[in-house]
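Dear colleague,

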Amino acid sequence: MQHVDMGLPFLANNWLFFLIIFTIYLTCKFVYKHKSLLGNLKTYFNKSTPLLNSNDGDHSHSFNSQETMPHINYIHHIPFLINISKNHNYSKSLLLETAITRSKDYFNLMNSRRSIRFFSSKPVPPLEVMENIIKTAGTSPSGAHCQPWTFVLISNPRIKKEVRNIVEMEEEINYKKRMGEKWVEDLKFARTNWIKEYLETAPYLIIVFKQVYGYQNNNEGMVEKTPFYYQEMSVCIACGILISAIHNAGMVTLTSTPLNSNNKLKRLLNRPDNEKAILILPVGYPAKDATVPNIKRKKLSDIMVHID
Ligand SMILES: Cc1cc2nc3c(=O)[nH]c(=O)nc-3n(C[C@H](O)[C@H](O)[C@H](O)COP(=O)(O)O)c2cc1C
């Protein structure tokens with residue numbers, strides 16, 4: 001009772017002081033909790049990306065800005081789950097016991113990968129396998145988590161034939177005019193030319209598109225462009241993961257670059273303005289008589305510099 005008697009007059013005399021302290025505390029708490037939201041709102045309103053006009057691209061594709069534009073939404077941070085699965089456990093003891101074996105095994109697996117230019121048309125890998133490997137590519141890191149990629153999976157024989165026609169027509173010009181003598185000479189070891197039979201024999205083609213920018217809805221509900229960061233690098237990393245997933249699933253592929261075929265491929269596959277074709281990957285199984293150039297890879301000492 002004595003405490004209450006002593007405390008009440010003190011509180012009554014200083015209530016304004018306590019109210020100010022409490023208000024400052026609440027404001028700080030609010031700003032700290034919502035600082036990324038406030039920052040994002042500021043960037044959003046200051047942003048000068050132009051609105052798309054009605055001729056600017058094909059907007060028939062659905063762009064879910066809520067899902068694809070995390071940088072304009074408040075994202076909670078959650079604990080990183082260390083025991084993800086039976087096969088992948090970050091706990092220290094397991095890592096120490098198995099890291100060497102697993103890293104060696106993975107090296108041996110990936111060291112057996114080769115670029116294959118002769119495909120068997122059968123058997124056809126199940127669609128589920130193809131979906132799994134593309135899902136795996138989609139786990140790739142990307143600049144500001146923009147995920148600037150589209151993987152167009154083609155199994156339709158007519159479309160594969162059209163892709164082949166486009167690529168062969170451009171590649172003939174590439175080999176004869178655009179690439180120049182040195183480049184053509186440097187490719188001789190691979191015995192490649194503009195004839196790309198594999199674009200029809202492989203059961204699947206994956207054409208990888210990079211998204212140069214994204215789309216989002218602005219406050220007036222109109223679609224506008226939004227920048228994507230490090231798109232090329234992000235898509236290349238995703239392609240590396242895709243190639244390793246293809247190999248891991250027991251299939252083969254060829255990293256092929258559709259130089260100058262982008263516009264025709266985009267038209268054929270009805271891709272929007274923000275996309276650019278960067279790779280064509282035939283995917284399937286090797287032909288029985290498939291051959292590969294007998295090339296060697298650089299040694300560790302040639303590719304690694306250790307600064308201890
Ligand atoms: C970016 C890139 C572009 C490539 N473009 C082609 C191509 O257009 N045609 C082709 O036959 N091979 C192409 N290749 C495959 C390389 O020739 C092949 O990776 C290299 O010879 C090493 O052989 P390996 O993949 O069997 O280890 C390309 C590879 C990369 C990484």
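Among the contacts in the chain with a separation of 6 or more, 81% are between residues 24 or more positions apart. Please keep in mind throughout that this is a predicted model. The chain contains 12 helices and 7 strands, and of its 308 residues 20% are buried.

In soluble globular proteins, nonpolar side chains tend to be buried together. Here the largest nonpolar core has 36 residues, and the members that touch the most other members are L205, I206, I207, V208 and L281. Several elements give two or more residues to this core, namely helix 6, helix 7 (157-178), helix 9 (198-201) and helix 10 on the helical side, together with strand 2 (149-154), strand 3 (204-211) and strand 7 (275-286).

Is Q211 buried or exposed? Because 21 other C-beta atoms lie within 10 Å of it, Q211 is buried. Apart from neighbours within four places in sequence, the contacts of Q211 are P148, W149, T150, F228, Q231, N274 and E275. One of these, F228, is 17 residues from Q211 in sequence, and the C-alpha atoms of the two are 7.7 Å apart in space.

Next, please look at how two of the helices pack. Two packed helices are described by the angle between their axes and the distance between the axes. For helix 6 (residues 127-137) and helix 10 (residues 231-248), the angle is about 145 degrees and the axes are 8 Å apart, and the crossing of helix 6 past helix 10 is right-handed. Helix 6 contributes I133, T136 and A137 to the contact, while helix 10 contributes A238, I241, L242, A245 and I246. Sorted by class, this contact has 7 nonpolar residues and 1 polar residue, with no charged ones.

Not counting residues up to four places away in sequence, I133 touches L242, A245, I246 and A249. The C-alpha atoms of I133 and H247 are separated by 9.6 Å, although these two residues are 114 residues apart along the chain.

The ligand deserves a separate look. Which residues are around the ligand? They are R114, S115, R117, A190, T192, L254, T255, S256, T257, V292 and I295, and this shell divides into 4 nonpolar, 5 polar and 2 charged residues. L254, one of the residues around the ligand, is found in the loop between strand 6 and helix 11. L254 is buried, because 21 other C-beta atoms lie within 10 Å of it. Leaving aside neighbours within four places in sequence, L254 is in contact with S115, I116, R117, Y198, L281 and P282; of these, S115 and R117 are also among the residues around the ligand, and L281 is also among the core members that touch the most others. Between L254 and Y198 there are 9.2 Å from C-alpha to C-alpha, with the two residues 56 apart in sequence.

Finally, some details of the backbone are worth checking by eye. K122 and P123 are joined by a cis peptide bond, with omega at about 0 degrees, and P123 sits in the loop between strand 1 (119-120) and helix 6. Y230, in the loop between strand 5 (223-227) and helix 10, has a phi near 50 degrees, which is a positive value in a residue other than glycine. Y230 counts as partly exposed because it has 15 C-beta neighbours inside 10 Å. N260 also has a positive phi, near 70 degrees, and is likewise a residue other than glycine; its place is the loop between strand 6 (252-253) and helix 11 (262-269). With 15 C-beta neighbours inside 10 Å, N260 counts as partly exposed.

With best wishes

Conventions: Residues numbered from 1 in each chain as written. Predicted model: local features only at pLDDT ≥ 70, side-chain atom pairs only at ≥ 80, totals over all residues. Near = placed C-beta within 6 Å. Nonpolar A, V, L, I, M, F, W, Y, C, P; charged D, E, K, R; others polar. Axes fitted to C-alpha atoms, helices over the stretch in contact; angles between N-to-C directions. Helix = DSSP H or I, 4+ residues; strand = E, 2+ residues; numbered from the N terminus. Left-handed = near helix turned anticlockwise from the far one by under 90°. Contact = placed C-beta atoms within 7 Å. Core = buried A, V, L, I, M, F, W, Y, C linked by C-beta atoms within 7 Å. Buried ≥ 20, exposed ≤ 12 C-beta atoms within 10 Å, placed from the backbone.
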